[in-house]
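Subject: Handing over the two-chain structure

Dear colleague,

I am passing the structure below on to you, and after it I have written out what was found, in the hope that this helps you find your way around.

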Amino acid sequence: MPVATASQTIGPYWHLIEHAEMADLTRFGPGEEMGERITVTGRITDGAGAPVSDAAVEIWQASPPPDDRFPGYGRCATDGEGRFRFVTLRPEPVPGLGNQTQAPHLSIVLLARGLMTALRTRLYFAGEALNETDPLLASIEDPAERATLVAQPAGPGTWTLDIRLQGEGETVFLEV
Amino acid sequence: MSDPVPFRPFVAGTQPPLDHAAYGSTHLRHPKRALRRLPQTVSETTGPHFAPALFPAIGDLTKQAAGAPLGERIIVGGRVTDEDGRPVPNTMIEVWQANAAGRYAHPRDTHDAPADPNFPGEGRVFTDADGHYRFVSIKPGAYPWRNHHNAWRPVHIHFSLFGSGFAQRLITQMYFPGDPLLALDPIYHGVADAGARDRLVSRFDLDLTEPEWALGYRFDIVLRGRGATPFEDGGHH
């Protein structure tokens with residue numbers, strides 16, 4: 001049986017494949033009926049609190065259903081301050097396992113120098129009633145840890161979530 | 001609605017850890033807490049699709065500028081399958097690499113080696129219906145990095161693949177056979193399993209080689225398989 005190829009770091013020079021427009025998931029002109037346009041921002045810091053300025057941040061969302069006008073996937077380079085910024089459509093709830101329902105969320109993959117495999121996490125939206133019963137959020141007992149997955153409003157249609165790779169306030173990272 | 005079929009866990013030792021003492025950049029970037037196991041849902045088992053119309057192929061990295069880049073022309077090809085041996089068709093592969101002198105067309109690369117205005121170093125190809133891919137490039141050069149005294153990266157080409165579900169997302173590096181730097185490289189040696197390391201090394205391939213034109217290197221890529229393996233019994237050992 002073949003075995004999955006090993007991951008290696010994306011390194012500091014991945015920007016050779018960077019296309020800044022990929023951070024705008026609405027660039028193909030999805031109709032208004034497909035969902036609310038939102039901006040998602042955040043800042044990534046390391047175990048010393050220093051900005052992670054060479055990361056690739058990727059998002060994937062199964063909702064609204066991706067099609068020719070909405071790719072569901074975005075990639076953004078962090079800037080000198082470790083910041084990323086996506087424009088996308090607000091996701092709807094999606095099915096969980098069994099008869100469960102998952103609260104609206106984005107899947108996040110972080111790739112960077114120093115990460116030999118992708119780091120995975122999620123971004124949920126504060127104030128969403130379904131957060132209370134979301135299988136992942138509900139499984140995290142410590143409210144402070146749970147909060148590392150929940151973006152806060154930061155102006156009209158704008159949400160922000162900082163990501164800490166290590167140490168105090170460390171983001172909950174996922175093994176899938 | 002029935003649950004989506006999840007991708008299998010990785011075989012132990014075949015993937016590098018997040019914390020690897022010999023690779024300095026991991027020290028402040030690896031989480032200290034254990035990763036939290038997330039049963040795969042539709043968010044993990046589905047993934048992006050890239051249409052060649054929107055992401056045009058760049059299958060010849062030597063023809064992206066007015067002139068020809070310096071260096072040894074090469075052909076890289078192989079097949080993308082999953083762990084069950086099934087081809088992964090029509091999937092996008094992104095590649096990027098240093099020029100023949102070991103320098104990236106990147107503002108942060110300050111290595112004292114000549115830039116090559118004829119080599120941007122970006123490629124993008126799609127697998128065919130049977131999982132095969134192929135691109136033309138130049139052989140990249142080795143370059144120093146500051147991880148430790150006299151540290152040099154082995155010659156490599158970066159690969160990015162998406163597969164059919166976001167849990168299959170793979171970033172890796174293809175190395176070249178016979179490179180003496182492999183034995184010294186902490187990133188390559190971050191993979192504990194010797195067989196898994198060896199599979200990151202391409203093979204010289206005379207069938208891919210074109211007479212009077214370019215050497216060929218074969219690099220096959222395997223993405224995670226879906227569902228139970230035949231020898232899995234649900235963990236009731």
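**What was found**

A:Pro64 has its place in the loop between β2 (56-60) and β3 (73-77) of chain A. The peptide bond that joins A:Ser63 and A:Pro64 is cis, with an omega of about -10°. Please keep in mind throughout that this is a predicted model, and that the values in this message are computed from it.

β9(A) and β10(A) form a hairpin with 4 residues between them, and in its turn A:Gly155 has a positive phi of about 110°.

The record also has something to say about this chain: in an unreviewed entry, UniProt places the feature "domain: Intradiol ring-cleavage dioxygenases" at residues 12-152 of chain A. In the model that span is 7% helix and 33% strand, and its end C-alpha atoms lie 30 Å apart.

For chain B, the feature "domain: Intradiol ring-cleavage dioxygenases" is placed by UniProt, in an unreviewed entry, at residues 76-104. Over these residues of chain B the chain is 0% helix and 41% strand, with the end C-alpha atoms 19 Å apart. Elsewhere in chain B, B:Asn150 is found in the loop between β6 (143-145) and β7 (151-153), and its phi is near 60°, which is a positive value in a residue other than glycine.

How many salt bridges does a search of the whole structure find over all chains? The search finds 21. One that lies within chain B is formed by B:Arg8 and B:Asp84, whose closest N and O atoms are 3.2 Å apart. Because B:Arg8 lies in the segment before β1 of chain B and B:Asp84 in the loop between β2 (73-82) and β3 of chain B, the pair ties together parts that are 76 residues apart in sequence.

I have left the interface of the two chains for the end. Here 80 residues of chain B are in contact with 65 residues of chain A, and the two chains bury about 6,500 Å² between them, 60% of it on carbon and sulfur atoms. The rule finds 6 salt bridges across the interface of chain B and chain A; the side chains of A:Arg75 and B:Glu94, for instance, meet in a salt bridge at 2.6 Å, N to O. Across the same interface there are 39 residue pairs in polar contact, both residues being at pLDDT 80 or more.

Several elements of chain B each supply at least two residues of the side that touches chain A, among them β3 (92-96), β4 (122-126), β8 (156-161) and β9 (170-175). β9(B) gives the most to that side, with 5 residues. By class, the side of chain B that touches chain A has 38 nonpolar, 22 polar and 20 charged residues.

Strand pairing also crosses from one chain to the other: strand β12 (residues 174-175) of chain A is joined to β1(B) by 2 bridges, and the two strands run parallel. In this pairing A:Glu175 stands opposite B:Arg37 in β1(B).

With best wishes

Note on methods:
Residues are numbered from 1 along each chain as its sequence is written. Chains are lettered from A and ligands numbered from 1 in the order in which they are written. This is a predicted model: local features need pLDDT of at least 70, side-chain atom pairs count only at pLDDT 80 or more; totals for chains, interfaces and linings use all residues. Side-chain values use heavy atoms; hydrogens and water are left out. Contact means heavy atoms within 4.5 Å. Buried area is the accessible area (1.4 Å probe) that two parts lose on being put together, summed over both. A salt bridge is a side-chain nitrogen of Lys or Arg within 4 Å of a carboxyl oxygen of Asp or Glu. A polar contact is a pair of N or O atoms within 3.5 Å; within protein, one must be able to donate a hydrogen and the other to accept it, and residues adjacent in sequence count only if both atoms are side-chain atoms. Ala, Val, Leu, Ile, Met, Phe, Trp, Tyr, Cys and Pro count as nonpolar, Asp, Glu, Lys and Arg as charged, and the others, Gly among them, as polar. Two strands pair if DSSP finds at least two bridges between them. UniProt positions are given in the numbering used here, feature names are shortened, and annotations may be inferred rather than shown by experiment.
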